[in-house]
Amino acid sequence: MAERMALTGNEAVAYAMMQINPDVVAAYPITPQTALMQKFADFVADGEVDTQFVLVESEHSAMSAVVGAAAAGARAMTATAANGLALMWEILYIAASTRLPIVMPVVNRALSAPINILCDHSDTMGARDSGWIQLFSENAQEAYDNTIQAVRIAEHRDVLTPVMVTLDGFIISHGLEVVEVLDKEAVQDFVGEYEPAYTLLDPEHPITFGPIDFSDYYMEHKRSQVDGIEAARRVIPEVGREFGKRFGRSYGMIEEHGTDGAEALLVALGSTAGSAKAVVDDMRERGLPVGLVKIRAFRPFPYEELREALGKAKAVAVMDRSISFGAQAGPLALEVRSALYGLSLPVRDYIYGLGGRNITLEEIEDILQEALEMAKTKEAEPLVKYVSVRE
Amino acid sequence: MATLKELSRMPELLSPGHRMCPGCGAPILVRLALRAASEHGGVVAGVATGCLEVSTSIFPYTAWRCSFIHNAFENVAATISGVETAYKALKARGKVEGNFKFVAFGGDGGTYDIGLQALSGALERGHDMVYICYDNEAYMNTGIQRSSSTPFAAHTTTCPVGKVRKGKTEFPKDLTGIVAAHRIPYVAQASISHWNDLYRKLQKAFSVEGPAFLNVLTPCTRGWRFPSDETVEMARLAVETCFWPLYEVEDGRWKVTFKPRQKKPLEEWVKRQGRFRHLLQPENRHLLEQAQAEVDKRWEELLARSE
């Protein structure tokens, strides 16, 4: 039977990992991920898992060891944050293009400099072109559910692409919530046995992983990698529906909240989507036609779903928790505008919450009020605004 | 101990047809190492980015008849440690049959320099793996740049001999000593010229439980500038001049495994290589003397340490 427990986001993900019981987990500490691996270490120490736990000397080696383990046919995981993810950057690409179904929770934290340990999305956004699937979590429950589903998504034969499950540093990772933790047997049954397509450890069939590829094949390999992540558009909702049937919580590429008849829509990622739901409910009660579209899958990006959900509104406000320096807007807003290409819909980006800067319900309401104004005037300028910044 | 005849009859796990240069020392080492590993069953070889990797795995071909993984430049130790960990996990869960040995190959760039941290970490964690450095004393794959293994006064493309500077100004890092300081079960320095000594060390390395390390001199005809039929001779002279002593460190005990009957002057080795040509000019004689003094010092230190 599922059990309701008071857990932090880090603990919830550690529970998911314990219940998945991967063959290999590599770990290296970094705030705010540390508590996650500490909890998993407790499970190892208490014999709750029989995972081989490798305590490496850097995140670069964590990802490298996990690549080796996955190539050897193991279900392999690691977790990181911020600078740790940045240090892995080289190997992220290798993991994805070697088509290894690794699952990695990323506890979102701002990248240095200045050094800062608090939440923003600059780490994950920096890895958005690495070839990984990226699932954002709104709260600890979703971080738990996403970690379990990520195994099925990554290992699907049509996908074979690694998955990052993100949770906002401190806000989710250290906040205590009531989380419904499933039966270990139910989780084991849901994720199933891992049957690798290829392994280094088949004595009858030696295999070469990671060959050098020149101009005569490189492009075809990259093109086939696209097929893998594109297949995830179908597999992510499939797995999310099956999860819903079994456990009562369904997931798709996006989640709509109060979008029916909404004139102004907000697009947000992660924990902010949870705050925005409360703001939308409150404004709706006051008769204001506003709604929220929460993005769960950032990669592959849900263009079609967004176009359909946003296309009915008259204005869109996007909340970006990172900057794409020198670009016309933050990473999320760039993607949203791209999804709406050809539609005459004003879109404004709101950059907020960098380095853990708090975002209040009042500030989210202000953004939605401005979006309602945009719906009337059709005027999106300025295209980018910074929330609660001293200029 | 296997004879050459017996070794020649063992399965060849690195097939002919690869694109290593004629006269390259590395395949000599790799072919022997894979033989020693295969005495125990299946083999998985990890290879760092470098000459060996780019010349043996050109898609859609592969020269590797055992399983092979290349990940990146600096992480072959971490990668093979992950493979070995997966083997332990899958073996315990009954998902893998048969026995496997795990070997990592890195050049001196990938081992002395960029891969040193990953190597140190993997050794400390105690994985059952053999790490073999094929040391050709520079970044040969990218075109002969200086590494921390490059000998004093040698010419490379990043420490060239010019009007003011005369090659590398530093002495090489003592990598074998650094690895020995990890107190792993087995550490050895070997050379392709002494196949018998090398093969015996490889056998020991693959027999111990836990990490083992071999640093093997594999001369590079392009980078050292010698005719491609003199590779083994160049390795032999490095040993006979005591520039590259053969020794092993077993359970903390140091032992020189080959003492030349008569230690040859370093010049015997240096004068046969284009990268040292400038050392024969009278105005650079002092550099050769410095190089000789350092070789003598290190050799005496090793003898004092050796049982």
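**Largest pocket**

A pocket here is an open set of points on a 1 Å grid over the protein atoms alone, where a 1.4 Å probe fits, with protein on both sides within 12 Å along at least five of seven lines; lining residues have an atom within 4 Å of a point. The volume is the space filled by probe spheres set on the points, which are joined across faces, edges and corners.

I note that this is a predicted model, in which local features need pLDDT of at least 70, side-chain atom pairs count only at pLDDT 80 or more, and totals for chains, interfaces and linings use all residues. Residues are numbered from 1 along each chain as its sequence is written, chains are lettered from A and ligands numbered from 1 in the order in which they are written, and side-chain values use heavy atoms, with hydrogens and water left out.

I find 33 lining residues in the largest pocket, and the closest to its centre are Ser97(A), Thr98(A), Arg99(A), Gly210(A) and Pro211(A). Helix H4 (82–97), strand S9 (208–209) and helix H8 (218–247) of chain A each give two or more residues to this lining. Helices (H or I, at least four residues) and strands (E, at least two) are DSSP runs, numbered from the N terminus.

**Second largest pocket**

I recorded about 540 Å³ for the second largest pocket. Its lining also comprises 33 residues, with Pro172(B), Asp174(B), Phe243(B), Pro245(B) and Arg298(B) closest to the centre. H12(B) gives the most to this lining, with 8 residues.

**Ser173(A)**

I located Ser173(A) in the loop between strand S7 (163–168) and strand S8 (176–181) of chain A. Ser173(A) counts as buried because its relative accessibility is 1%, the limit being under 20% relative accessible area (1.4 Å probe, protein chains only). Beyond residues up to four places away in sequence, Ser173(A) touches several residues, including Thr8(A), Asn10(A) and Asp168(A); contact means heavy atoms within 4.5 Å. A polar atom of the Ser173(A) side chain lies 2.6 Å from the backbone nitrogen of Phe170(A).

**Chains A and B**

I then turned to the interface, where 43 residues of chain A are in contact with 41 residues of chain B. The two chains bury about 3,100 Å² between them, and carbon and sulfur atoms give 60% of that area. Buried area is the accessible area (1.4 Å probe) that two parts lose on being put together, summed over both. Leu200(A), Leu201(A) and Ile212(A) supply 19% of the area that chain A buries against chain B, more than any other three residues.

Technical notes: Buried < 20%, exposed > 50% of the residue type's maximum accessible area, 1.4 Å probe, protein only. Polar contact = N/O pair within 3.5 Å; in protein donor to acceptor, adjacent residues only side chain to side chain.
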